[in-house]
Amino acid sequence: TDNFKGVTLSTASIQWKWPSVAGVDGYYLYSSSTAAIVTVSSNTSYYIDSGLRANKAYTRWLAPYTGAATGTASQHITKYTHALPPDSFMLSSVTATSAYMEWQYSTATAYAIEGSTNGGASYYRIRDSFVPWQTVKLMSNRSYRIRIGAISGDNELSPGYYSSVQLATPTPLGAAGGVASPGYACASADPPDSLPVTSRAVTWK
């Protein structure tokens, strides 16, 4: 049972995988959160937990059995489900070089603030935040699409889970002191069904 591991599938499911062991009758799958033991047949090399909570840690380990004898157990492996981002956020105080963002706490351990200057064709990581507010740096006189992703307790960005998108255009440098007027360009937009992310590396600041 070496190389026993967990793979997060969604906010509510984790797949546990292991290589097959020759000559055994099956496997016992144990959990730190319940006394129930799952019995898996010898011709199966994975098990999927479903109905789980978002961004919650789950720990399992595996042992093969033959008849009444139980073999050596694997390492205890802990894996988090994917986190959820906030549904939306407020964008304000847009200047020539920055904007202030604020949102409600969600199930995320941290938040990935991403921006696009090509109409949503690709996004880049602006910065990460542990708190539900942040001032982000922008480039003057460019049209932005901004969204928030969720980072789980495993330091993984949840794929495909994002807040609604806000549109903003910072004012040109030197215009009215670099501060946007009350009529600055800022609006919300629903994100497309699939938006690629150019960078998923997490940098804590």
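Reply: One term before we start: a nonpolar core here is a set of buried Ala, Val, Leu, Ile, Met, Phe, Trp, Tyr and Cys residues joined through side-chain atoms within 4.5 Å. Keep in mind, too, that this is a predicted model.

With that in hand, the largest nonpolar core has 18 residues, and Leu91, Met101 and Ile146 are those with the most contacts inside it. Two or more of its residues come from each of β10 (98–102), β11 (110–116) and β14 (144–151). Strand β14 gives the largest share, four residues. Another core lies apart from this one; it has 13 residues, including Trp18, Val24, Leu52 and Tyr58. As a general point, nonpolar side chains in soluble globular proteins tend to be buried together.

The protein has 17 strands and zero helices. Of its 205 residues, 43% count as buried. Take the contacts with a separation of 6 or more: 63% of them are between residues 24 or more positions apart.

Ser32 sits in the loop between β3 (26–31) and β4 (38–41). Ser32 counts as exposed because its relative accessibility is 52%, and the cut-off for exposed is over 50%. Beyond its neighbours within four places in sequence, Ser32 is in contact with Thr59 and Trp61. His76 is 44 residues away from Ser32 along the chain, yet their C-alpha atoms are separated by 8.9 Å.

Setting aside neighbours within four places in sequence, Thr59 is in contact with Tyr30, Ser31, Ser32, His76, Ile77 and Thr78. With one of these, Thr78, there is also a polar contact: the two side chains are joined at 2.6 Å.

One last stop, back on the surface: Leu9, Tyr46 and Ile48 form a nonpolar patch, and together they have about 270 Å² of accessible area. Tyr46 belongs to strand β5 (residues 46–49), and its relative accessibility of 45% is why it counts as partly exposed.

Conventions: Residues are numbered from 1 along each chain as its sequence is written. This is a predicted model: local features need pLDDT of at least 70, side-chain atom pairs count only at pLDDT 80 or more; totals for chains, interfaces and linings use all residues. Side-chain values use heavy atoms; hydrogens and water are left out. Buried means under 20% relative accessible area, exposed over 50%, partly exposed in between (1.4 Å probe, protein chains only). Contact means heavy atoms within 4.5 Å. Patches are made of residues with over 30% relative accessible area and no salt bridge: like charges are joined within 9 Å, nonpolar side chains (Val, Leu, Ile, Met, Phe, Trp, Tyr) within 5 Å. Accessible areas come from the Shrake-Rupley method with a 1.4 Å probe; for residues, only the protein chains shown count as cover. A salt bridge is a side-chain nitrogen of Lys or Arg within 4 Å of a carboxyl oxygen of Asp or Glu. A polar contact is a pair of N or O atoms within 3.5 Å; within protein, one must be able to donate a hydrogen and the other to accept it, and residues adjacent in sequence count only if both atoms are side-chain atoms.
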